[in-house]
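I opened my notebook to look up how this chain is put together. My entries follow, in the order I made them.

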Amino acid sequence: MTRRACLLVTLLLILAAPLRADTSTTTVDVVEKEVVLNCTATGVIEAPLQAKVSPVVSGEIVELKLEEGDTVKVGDLIARLDTAALDSEMEAIQATIKVADANLARTRGGARPQETSEARAAVQKAKAALDERQQDLDRYQKLFDKQAASLKELQAMQAQFKMAQQDVERLEQREKLLEEGARSDDVDIARRKVDEAKSQLKGLQTRRDKHIIKAPISGTVVKKLAYQGEVALPGQPLLHLVSLATLDAVLNVEETYIDGVQVGDSAEVAVDAIPGKNFTGKGVFISPVSSEQLKLSLLKEEEDTKRFHVKIRVEAGQSRMRAGMSVTGKFTISRKGFFVPRDAVGLKAGLNVVKVQT
């Protein structure tokens, strides 16, 4: 048997019943067995589900009615910031969308019969005017040839005739477009205007939604940090929410036991403030660093003792358990060790001794 095995045997036998004082030689076999040990550790209750509720935009707080002790559910209204300016912008954009929608519908549908008739009548009227200008031009041309009219008068009549021609061409083109219906590029332009207006409205709605702050978790208001009428700033907490539905017992487990504790292990948790009642939980976290190194020790530790944080998830339900309460947790772990009968152990100079046959 190695020196390490001898030391382990000695350690296990210290826990045994009182030993006899003689050192009579007895030869026995050393047996390796699995022993069940109870590990007890102290700690405190923590609430893993917390939220400091903050806005992502600035604005005057126009509604914040919650007080400390009030409970909320996920999605409940926490606070409302001023949205008057945004509301005005949204109303203007909504009016623009109505006009753009009407224009798109009119462009898609083409001209109404009345519009087509009016365009046709305008063309006929313009042609009649052109005929009159033609007659006037012919008459002045003859007068000019006979030197009965000046060149200036003839040129003025020519200008009037040309303007009448342009009116006919313009009105005929409009009549043709109305008869052919809307062009695809006109429809695309009208549709683009609608889409642009709706995109602006969506952007404004997104900005407005950020002025409405809702509860990210279900819980209790434990600290109110802002009040109605104040100006909220991005990232500045309005209040602190804590959920007590699920709690963690954070225990300081001695290093001699930590190797036997695993995530998922069951544990019993006794709360000092709730005597006579134990809570069952499961391990959800084992710190890879000692609490001394983390400077997060929950209790004052002896200098020669190292402890590690172990979190036990406890379903608190409707219990009176609260974050910060002192607790004691109990694990049941298995260890392998070497065992010898009590008769094989002697006492010498105040120490338990076992002679090893080599």
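**Entry: a buried lysine and its partner**

I began with K224, which counts as buried because its relative accessibility is 7%. My cut-offs: buried is under 20% relative accessible area, exposed is over 50%, and partly exposed lies in between (1.4 Å probe, protein chains only). I then noted the basis of the work: this is a predicted model, where local features need pLDDT of at least 70, side-chain atom pairs count only at pLDDT 80 or more, and totals for chains, interfaces and linings use all residues. Residues are numbered from 1 along each chain as its sequence is written, and side-chain values use heavy atoms, with hydrogens and water left out.

What does the side chain of K224 meet? It meets the side chain of E67 in a salt bridge, at 3.0 Å from N to O. K224 sits in strand β7 (residues 219–224) and E67 in the loop between β3 (59–63) and β4, so the pair ties together parts that are 157 residues apart in sequence. For these names I used DSSP runs, numbered from the N terminus: helices are H or I with at least four residues, strands are E with at least two. E67 has 41% relative accessibility, so it counts as partly exposed.

I wrote down the rule for a salt bridge: a side-chain nitrogen of Lys or Arg within 4 Å of a carboxyl oxygen of Asp or Glu. The structure holds eleven of them.

**Entry: salt bridges on the helices**

Next I looked up K127. It forms a salt bridge with E172, and the closest N and O atoms are 3.4 Å apart. K127 lies in helix α3 (residues 113–145) and E172 in helix α4 (residues 151–180), so this pair ties together parts that are 45 residues apart in sequence. Both ends are partly exposed: K127 at 34% relative accessibility, E172 at 32%.

I stayed on helix α3 for D136 and R139. Their side chains meet in a salt bridge of 3.1 Å, N to O. The two residues are three apart in α3, about one turn of the helix. Is D136 buried or exposed? D136 counts as buried, because its relative accessibility is 16%. R139, at 43%, counts as partly exposed. Salt bridges with shared partners link E132, R133, D136 and R139 into one network.

I then moved to Q147, in the loop between α3 and α4. Its phi is positive, about 60°, although it is not a glycine. I made a note on this: most residues other than glycine have a negative phi. Q147 counts as exposed, because its relative accessibility is 75%.

**Entry: the sheet with β7**

Back to β7, to see its sheet. Four strands form an open sheet in the order β2-β9-β7-β4, with antiparallel pairing. The edge strands are β2 (50–53) and β4 (71–72), and each pairs on one side only. I count two strands as paired if DSSP finds at least two bridges between them. How many bridges join β2 to β9? Four bridges join β2 to β9 (residues 239–242), and the two run antiparallel. Q50 stands opposite V242 in β9.

Strand β11 (residues 266–271) pairs with strand β12 (residues 278–290) in the antiparallel sense, over five bridges. S266 has K282 in β12 as its bridge partner. The hairpin of β11 and β12 has six residues between the strands, and G276 there takes a positive phi near 80°. β12 is also joined to strand β13 (residues 307–315) by six bridges, again antiparallel. The bridge partner of G281 in β13 is V314.

I also checked K277, which lies over the face of F279, at 5.2 Å from the ring centre. The rule: NZ of Lys or CZ of Arg is within 6 Å of the ring centre and within 35 degrees of the ring normal.

**Entry: the whole chain**

Last came the totals. I found seven helices and 16 strands. Of the 358 residues, 30% count as buried. The protein exposes about 23100 Å² (Shrake-Rupley method, 1.4 Å probe), and carbon and sulfur atoms supply 50% of it. Among contacts (heavy atoms within 4.5 Å) with a separation of 6 or more, 80% join residues 24 or more positions apart.
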